Amino acid sequence: MHASVAVVAESGVNVLHREFRTKDGRSVQLPAAISRSVTRIRVPWALGYDEQLAAVNKTSLRHGRAGQTFYIEGTRLLVHLADGNYSDVLADAVHGTGTASLAGGRTVGGAPDALVVAVLGYQPPSWQWVAQQTWIDAASDSTFNALGLVCDSAAAVQAVRSSGRLPFMAAGNSYIDTTVISPGASPAAVRVGGVEEDGASAMPGTAKDPTFWSGRAYDVGGLFYNRIASSGNGDGYGQGDGTSGSAPQVAGLTARVLQLTRESVGDPGYGVRRGSLVLPAAGRRPMAGPLSDGVLAADELQDAVLHAAAPALSAAAGRYAIEGYGWFNPGSATNAAQILTGRRALPPRLEDDAAHTVAIAARTAAYATNGCGF
Ligand SMILES: [Ca+2]
């Protein structure tokens, strides 16, 4: 296991779904920082799904406490209760199962081999916890704060970024503008919008879906329509749409970028270590590229991800305002890993870079106007 990805799941999770199980059915070795404090949940995997669920329902999963972290044996899944608003890990599990599966599900996830962490809770406690867990490579959030620009939430997201990781935020769908509410407006975050399968931006008025769209300004796109693990149908699958799925997908793909990069330079670990998400083994440091100095900075990772995104087919002057750098897909992840190890040059995206700089400045100014101290 060489990568990890977290989603702020804001609902329960179908923890038994096959998407979260290890390939060999064995439990994984957890990060030392957390392994002793987790509550381990044993699952009678030999039984059928319904019998397993019935057995697990009797455990503490239904009566969790704030600050508690569960590990489901035989899976790659951790569930953390970030605040007192959630106590039942299994309840109302549609949104949480969908987002967690798109981040790290075995067949539908961006990082199919990663340790997956579902964080149940509101901001800012959810992001404050992620900021402390430096073994988490990348994290996404598909919630919003109805109170608007909240300084504490943005500060927690900033702390994740300052520690070297990228926080990914759903850009919101047609009915929510997360440019004006936390934490999606944070200048430290990478905002993820929705892209249709042909790579075109899911814009208002498209014939495919005139109702749901992601016309809000964003930095990069993930797929808008997705196959997801279902919550109430055993090991079944469902369909999800919205940027709630796009954000964990891009976070998962970013964890995959890190995994590919680590494999390339002989790094057996994951998370931030000695101030870097990737630590090349002795004699394996690339001669060129962002890792040639031996340290991967969050800005370097962001540059690789954004510049590796595929520009939408509708490319035109000024398109950044709608679709950002474009679609970050599995092929983009492979290219981004090659950029990090100096095997591929960073593609020039001068026009997008200029527009992105303006967008970040506007987000920074919005928080300053609101009295936040950064
Ligand atoms: Ca560097």
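**Close-up views of a predicted model**

**View 1. M169 and R191 link two strands.** In strand 8, R191 is the bridge partner of M169. The model shown here and in the other views is predicted. Strand 7 covers residues 166–170, and its pairing with strand 8 is parallel, over three bridges.

**View 2. Strand 8 pairs in parallel with strand 9.** Four bridges join the two strands. Strand 9 spans residues 220–223. Its residue L223 stands opposite V195.

**View 3. Strand 8 is mostly covered.** This strand runs over residues 190–195. Six of its six residues are buried. Strand 8 pairs with strand 7 through three bridges and with strand 9 through four. Both pairings are parallel.

**View 4. Helix 6 spans residues 243–265.** The helix has 23 residues. From first C-alpha to last, helix 6 reaches 33 Å. That is close to the 33 Å expected at 1.5 Å a residue. Helix 6 is also mostly covered, with 19 of its 23 residues buried.

**View 5. G266 follows helix 6.** The phi of G266 is positive. Its value is near 75°.

**View 6. The whole chain, for context.** The protein chain holds ten helices and eleven strands. Of its 374 residues, 52% are buried. Among contacts with a separation of 6 or more, 74% join residues 24 or more positions apart.

Methods: Residues are numbered from 1 along each chain as its sequence is written. This is a predicted model: local features need pLDDT of at least 70, side-chain atom pairs count only at pLDDT 80 or more; totals for chains, interfaces and linings use all residues. The expected span of a helix is 1.5 Å times one less than its number of residues. A residue is buried if 20 or more other C-beta atoms lie within 10 Å of its own, exposed if 12 or fewer, and partly exposed in between; C-beta atoms are placed from the backbone. Two strands pair if DSSP finds at least two bridges between them. Two residues are in contact if their C-beta atoms, placed from the backbone, lie within 7 Å.
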